[in-house]
Amino acid sequence: MNFDVLEKFNVEIIKKENSFDKIRVEASKLCDLLNFLKNNAEFDFDRLNTIIAIDLIDNFELIYDLHSTQIGQHTQISIIVDRNSPKVPSITEIFKSAYFDECEIFDLFGIEFTNNKNLKRLFMPKGWIGHPLRKDYKQTDERLSWNEKEEVNGKQ
Amino acid sequence: MTTKNKLKINIGPQHPSTHGVLRLVLELEGEIIKSCEPVIGYLHRGMEKMAESHTYLQYLPIVDRIDYLSGFFNSFAYCNAVENLTQIEVSKRSQYIRVLTMEMNRLSSHLLWLGTFLLDMGATSPLFYTFRDREVILSLFEELTGQRLMYNYYTFGGLRHDVSSDWLDKITDFVKIMPKKIQDYENIITNNPIFTTRTKNIGIMSKNSALQYSITGPNLRATGINVDSRKTIHPFACSPIQLIYPELDFQIPTAQNGDSFDRYKVRVEEMKACLKLISQCVDWLKSNSGEVISPIKQPLLKVPEGEFISNVEAPRGVCSCYVKSDGSTKPYRVKWRTGSFYAVQILPKLLENAFYPDLMAIFGSLDVILPEVDR
């Protein structure tokens, strides 16, 4: 992939293998970069494969996995999200498939996607406390019968 | 019509036609569907969280349960990712056996889909025919792996054991009789006036919306886009270990309209392509020998630090497995991307202004399986 044209987005190249690249960009420039990669004929990344969220203890990493159906290229765009105020711009305007992905990440990691209308928990029940895929998640919800039991045993 | 005439109904989560536990909240105006909201999560088993507390080898049997109709594909995606991280070479014979079992798995998965799709629309007899033939494949799998659905046959760097020549002979027999049976299905179904009127021009998916919603697999190819990870330059992954698909001769079927009928047509053609691939693999395996047992003996495999994403063309679209390792014996993060997850998402768009009786003709043709959606 030709990275020279991406200079205006301040990209940082992390990995460069024959048809598989990973680049890092600031969260504020994400939407512009995705729009550029989608509409530019040279790249033509027309399909968002998935969004991967990773808990890196100090902060979160989001990886946007892009495929181009015509050229057969893959690329990954990574952004770092602050753990204390996890807020990222939503990309549902660019790729509609991102809606479920963003809901899933909101549900399991607690990362908020601004301007995503109707962001909701996808897998866990409504009113669930905590975000299960975080590394520091502890399941202590008292409404669940097995947690109550544990507490009783502790008291005895 | 005023909002007073709108009727809100709930389908599922326990509904025989939803192939699992999917809930659809529909808003009807007479018989016309005005809006649809899929509600998922009833089968969420926390596959991704489970990976973080199991060692690499302990997680291997769990992987088959993500999509129980095509367990080999999930196994392959996970094994391929770990093999690429640890730089284990996989012998050519193992790869041929992997492709052979995967293509048989695809065939059995499509056969089940064909039977249940027609059952959803009220035709009972195709189910018995397709299950009869699927039973042959499942028996062969049972003989090879000891399991009918959750195989746990692949390991990192190879397979559990080699295939016998008797078993290969049985597949040769199966491949000989199968084309005639597929022809039988086509004779019953393809030109059936009830079937064609219920599926042609129903649930049309445009090229643009298919890409917007990240649809892959036969659903995408039915819209006319000829994309298959088996045919791209780096099959299944951008990996140093190449798969053997480029050595095999096969065609990728496509259709033009993207309606329910085309999705049926593409899958039936794909079954024929599977048979072609299976017979080529059997021929190769009969004339070549080699080692299949994995060189890795230690149960506590330490995977070097790194990350890898492997993509497989599963029966329901691209299945990706992302593995991140921190150098310990347990994966740091595993993420699954499956085709059905995105097929559910496009459902509200396909159902807009559709007739209520067409609901199952549209939903069934997408070949959604719920364990894969919820993981």
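1. The crossing of H5(B) and H6(B) is left-handed, in the sense that the near helix is turned anticlockwise from the far one by less than a right angle. Helices here are DSSP runs of H or I with at least four residues, strands are E runs of at least two, and both are numbered from the N terminus. Keep in mind that this is a predicted model, where local features need pLDDT of at least 70, side-chain atom pairs count only at pLDDT 80 or more, and totals for chains, interfaces and linings use all residues. Residues are numbered from 1 along each chain as its sequence is written, while chains are lettered from A and ligands numbered from 1 in the order in which they are written.

2. On the geometry of that pair: H5 (residues 125–145) and H6 (residues 165–189) of chain B pack at about 165°, axes 11 Å apart. That makes H5(B) roughly antiparallel to H6(B), a label for angles over 145 degrees. Axes are lines fitted to C-alpha atoms, for helices over the stretch in contact, and angles run from 0 to 180 degrees between N-to-C directions.

3. Who makes this contact? H5(B) brings residues including Tyr129(B), Val136(B) and Leu140(B), and H6(B) brings, among them, Trp167(B), Phe174(B) and Met178(B). Contact means C-beta atoms, placed from the backbone, within 7 Å. By class, the contact of H5(B) with H6(B) has twelve nonpolar, no polar and four charged residues. For the classes, Ala, Val, Leu, Ile, Met, Phe, Trp, Tyr, Cys and Pro are nonpolar, Asp, Glu, Lys and Arg charged, and the others, Gly among them, polar.

4. H5(B) also has H4 (residues 92–120) of chain B as a partner: their axes come within 8 Å and cross at roughly 160°. H4(B) is therefore roughly antiparallel to H5(B), and this crossing is left-handed too. Leu107(B), Leu111(B) and Gly115(B) are among the H4(B) residues involved, with Phe131(B) and Ile137(B) among those of H5(B). The contact of H4(B) with H5(B) divides into twelve nonpolar, four polar and two charged residues.

5. Chain B also has an open three-stranded sheet, order S1-S2-S3, with antiparallel pairing; strands pair if DSSP finds at least two bridges between them. S1 (6–11) and S3 (32–39) of chain B are the edge strands with a single partner each, so one side of each has no neighbour in the sheet. Neighbouring strands are turned by 20° against each other on average, direction ignored. Six bridges join S1(B) to S2 (residues 23–29) of chain B, and Ile11(B) has Leu24(B) as its bridge partner in S2(B).

6. Over in chain A, there are three helices and seven strands, running β-β-α-β-β-β-β-α-β-α from the N terminus. Of its 156 residues, 31% count as buried, meaning 20 or more other C-beta atoms within 10 Å of a residue's own.

7. As for the interface, 28 residues of chain B meet 25 residues of chain A. S7 (317–325) of chain B is one of the elements giving two or more residues to the chain B side, and S7(B) gives the most, with four. That side has twelve nonpolar, nine polar and seven charged residues.

8. Leu122(A) counts as buried because it has 22 C-beta neighbours inside 10 Å. Leaving out residues up to four places away in sequence, Leu122(A) touches Phe100(A), Cys103(A), Glu104(A), Asp107(A), Ile40(B) and Gly41(B).

Note on methods:
Parallel < 35°, antiparallel > 145°, perpendicular 65-115°, else oblique. Contact = placed C-beta atoms within 7 Å. Buried ≥ 20, exposed ≤ 12 C-beta atoms within 10 Å, placed from the backbone.
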